[in-house]
Amino acid sequence: VVMLSISSLNGENVENVAMTDILPAGFEIENPRISEVPGTDWIRNASRPTYSDIRDDRITFFLNTGSKERKYYYVVRAVSKGTFQMGPVGADAMYDGEYHSYSGGGTITVK
């Protein structure tokens with residue numbers, strides 16, 4: 001289970017934000033449209049994006065944000081063993097270049 005969180009540091013509401021997480025090689029997104037994933041009943045207060053775009057290598061949540069932290073969840077499946085590079089999660093206000101954030105990244109090992 002992947003959890004992404006977002007909030008505005010200056011307390012302003014920011015509309016039309018695209019938050020994109022590009023998956024490392026060796027991972028696939030589970031299709032959330034099929035059914036509820038068993039064992040995720042511990043997730044509380046999950047936010048719902050305005051729209052989600054799911055591709056082979058990434059997920060993008062389209063949302064509005066404010067000073068309150070909002071959490072978004074999705075499920076991935078490891079399909080290959082190895083050590084993989086993870087890029088940062090990016091969040092950009094689509095119509096105002098002043099608002100953007102890139103955070104995270106690193107490596108992940110699947111045994």
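**Close-up A. Salt bridge between Arg 55 and Asp 53 in the predicted model.** The side chain of Arg 55 meets the side chain of Asp 53 in a salt bridge, with an N to O distance of 3.0 Å. Asp 53 has a relative accessibility of 19%. Asp 53 counts as buried, because buried means under 20% relative accessible area. This pair belongs to a structure that holds four salt bridges.

**Close-up B. Salt bridge between Arg 58 and Asp 57.** The closest N and O atoms of Arg 58 and Asp 57 are 3.1 Å apart. Arg 58 has a relative accessible area of 30% and is partly exposed. Asp 57, at 33% relative accessibility, is also partly exposed.

**Close-up C. Salt bridge between Arg 77 and Glu 28.** The two side chains meet with an N to O distance of 3.4 Å. Arg 77 lies in strand 7, which covers residues 76-78, and Glu 28 lies in strand 3, which covers residues 27-29. The pair therefore ties together parts that are 49 residues apart in sequence. Arg 77 is partly exposed, at 36% relative accessibility. Glu 28 is partly exposed as well, with a relative accessible area of 35%.

Notes. Residues are numbered from 1 along each chain as its sequence is written. This is a predicted model: local features need pLDDT of at least 70, side-chain atom pairs count only at pLDDT 80 or more; totals for chains, interfaces and linings use all residues. Side-chain values use heavy atoms; hydrogens and water are left out. Helices (H or I, at least four residues) and strands (E, at least two) are DSSP runs, numbered from the N terminus. Buried means under 20% relative accessible area, exposed over 50%, partly exposed in between (1.4 Å probe, protein chains only).
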